[in-house]
Amino acid sequence: MSLMNYLVLSTVLFSVGATTVLVRRNAIIAFMGIEMMLNATNLALVTFARINGNLHGQVLAFFVMVVAAAEVVVGLAIIVAIYRTRRSASIDDVNLLKDVRDPA
Amino acid sequence: MITTIAATLTDAGEASTGEAVLFWVFAPVMVLASMGLLLARKAVHAALSVITVMICLAFLYVAQDAPFLGVVQVVVYTGAIMMLFLFVLMLVGVDASDSLVETIKGQRWVAVLGGMGLLVVLAGVVMTVAPSTPTGLDGANTPTNPEALAVVIFGSYAFALEVVGALLVTAALGALVLTHRERLVPKRDQKTRMQARVQALGDGALLTPLAAPGVYARHNAMDVPALGPDGEPLELSVNRVLKVRGQEADAAEYAARIDRVLAGGWADDELPAIEAAKDATSEEADQ
């Protein structure tokens, strides 16, 4: 089995994650789509490390995991803060910056 | 080590048969679970799908000569991040459903088309690229994978590691600041509640607890009012519910017994009259 199969699996997971971010309106599910994209890149990085025969790809995947942990903490805190003020976890309801003036 | 044997590449750079079996067992599961994230109606089901994908990824990491990353994947991603997601799901409400209203017309189909286009482009790039023969990590993972990783992380990437540490501290502080709530009204502690009760004393409020029913009289039943030191019945001592239901005993009769004793007679002097009244009420009840 060629190692390219891992990369194809990674692209499939990445595409599904990206589609989730675009399609789903629930902020938490969209956020999970972002996590899926990060995981897919990690799989690609680990495979690259194996192809090239050095560990820099694995180190990069490790840093991606750490940054993802920090990102999740802040992102979920933002979702909770928005939920407290607007009583909604939907992305469509966060429209305070939208121009709602009467066009007439 | 079993993982090392499974991960060893052939001379042509192909993975072993055992690894191929592992991959073809896990890859369909992962793709199906990712579809679960995309299509699940409930957020909890989506979270469970993502957990499935992440655990399968941990297996693939171990198979690919990255046991350290496999363990970190389970501990950090599945154990910490996804649990955080589930906590926030419980906080926000499990039944927070997806709105089906499209704010931009046709956005959903455009998004699906874009996702498929992305898949075609990415997979096409991966398939058409001409890879060199894979080297494998047998040489790099000496003596073991975690030790070799430590040499690289604390050698070439020491500065990046420190920056990431600063990032983690900042993220923790940011979460604290974002979820902090200012107190709009002063906190009601024991002292302020005590002062409020003393101030309400002028309006007829009681500082002491209410008298328990019946304890000063000859009866200790719940429906008999307590008698005060002056022999007067204390109406407040009977439960409000009993009064609403009309199940309160006649306070005046029990107070009258005290008066009869004080006048030099017996408390049960007019017992026949009471018995007659009781018989009348029981007959009414029978009818």
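Biologist: Which backbone oxygen does the side chain of A:R24 reach at 3.0 Å?

Modeller: In this predicted model, A:R24 sits in the loop between helix 1 (4–23) and helix 2 (27–52) of chain A, and with 6% relative accessibility it counts as buried, since the cut-off for that class is under 20%. Its side chain reaches the backbone oxygen of B:L37 at 3.3 Å. The contact at 3.0 Å is made to the backbone oxygen of B:L38.

Biologist: How many salt bridges are counted over all chains, and which side chains meet in a salt bridge?

Modeller: Side chains of opposite charge can pair when their charged atoms come close. The count over all chains comes to one salt bridge, with a distance of 2.7 Å from N to O. The pair crosses between chains, from helix 2 of chain A to helix 2 (residues 17–39) of chain B, and both of its residues are buried. The side chains that meet are those of A:R50 and B:E19.

Biologist: What is the secondary structure pattern of chain B, read along the sequence?

Modeller: Chain B has 287 residues, of which buried residues make up 30%. Its secondary structure comes to eleven helices and two strands. Read along the sequence, the pattern is α-α-α-α-α-α-α-α-β-β-α-α-α.

Biologist: What distance does helix 5 of chain B reach from its first C-alpha to its last?

Modeller: Helix 5 of chain B runs over residues 107–128 and has 22 residues. At 1.5 Å a residue the expected value is 32 Å, and the helix comes close to that. From its first C-alpha to its last, helix 5 of chain B reaches 31 Å.

Biologist: What arc around the axis do the buried residues of helix 5 of chain B cover?

Modeller: The residues buried in helix 5 of chain B are B:Q107, B:A111, B:G115, B:A123 and B:V126. They lie on the same side of the helix, because the arc that they cover around its axis is only 135°. On the other side of helix 5 of chain B there are exposed residues, among them B:W109, B:L113, B:M116 and B:V120.

Biologist: Where is B:P143 found, and what is omega of the peptide bond that joins B:T142 and B:P143?

Modeller: Most peptide bonds are trans. B:P143 is found in the loop between helix 5 and helix 6 (145–155) of chain B, and the bond that joins B:T142 to B:P143 is cis. Its omega is about -10°.

Biologist: Is B:D65, with its phi near 65°, buried or exposed?

Modeller: Most residues other than glycine have a negative phi. A:R87, in the segment after helix 3 (56–86) of chain A, has a positive phi of about 55°, and with a relative accessible area of 59% A:R87 is exposed. B:D65, in the loop between helix 3 (43–63) and helix 4 of chain B, also has a positive phi. At 7% relative accessibility, however, B:D65 counts as buried.

Biologist: How many Å apart in space are A:M4 and A:A44, C-alpha to C-alpha?

Modeller: A:M4 is found in helix 1 of chain A, and with a relative accessible area of 15% A:M4 is buried. In sequence, A:M4 and A:A44 are 40 residues apart. In space, C-alpha to C-alpha, the distance between A:M4 and A:A44 is 9.6 Å.

Note on methods. Residues numbered from 1 in each chain as written. Chains lettered and ligands numbered in written order. Predicted model: local features only at pLDDT ≥ 70, side-chain atom pairs only at ≥ 80, totals over all residues. Heavy atoms only, no water. Helix = DSSP H or I, 4+ residues; strand = E, 2+ residues; numbered from the N terminus. Buried < 20%, exposed > 50% of the residue type's maximum accessible area, 1.4 Å probe, protein only. Polar contact = N/O pair within 3.5 Å; in protein donor to acceptor, adjacent residues only side chain to side chain. Expected span 1.5 Å × (residues − 1). Arc of directions from axis to C-beta. Salt bridge = Lys/Arg side-chain N within 4 Å of Asp/Glu carboxyl O.
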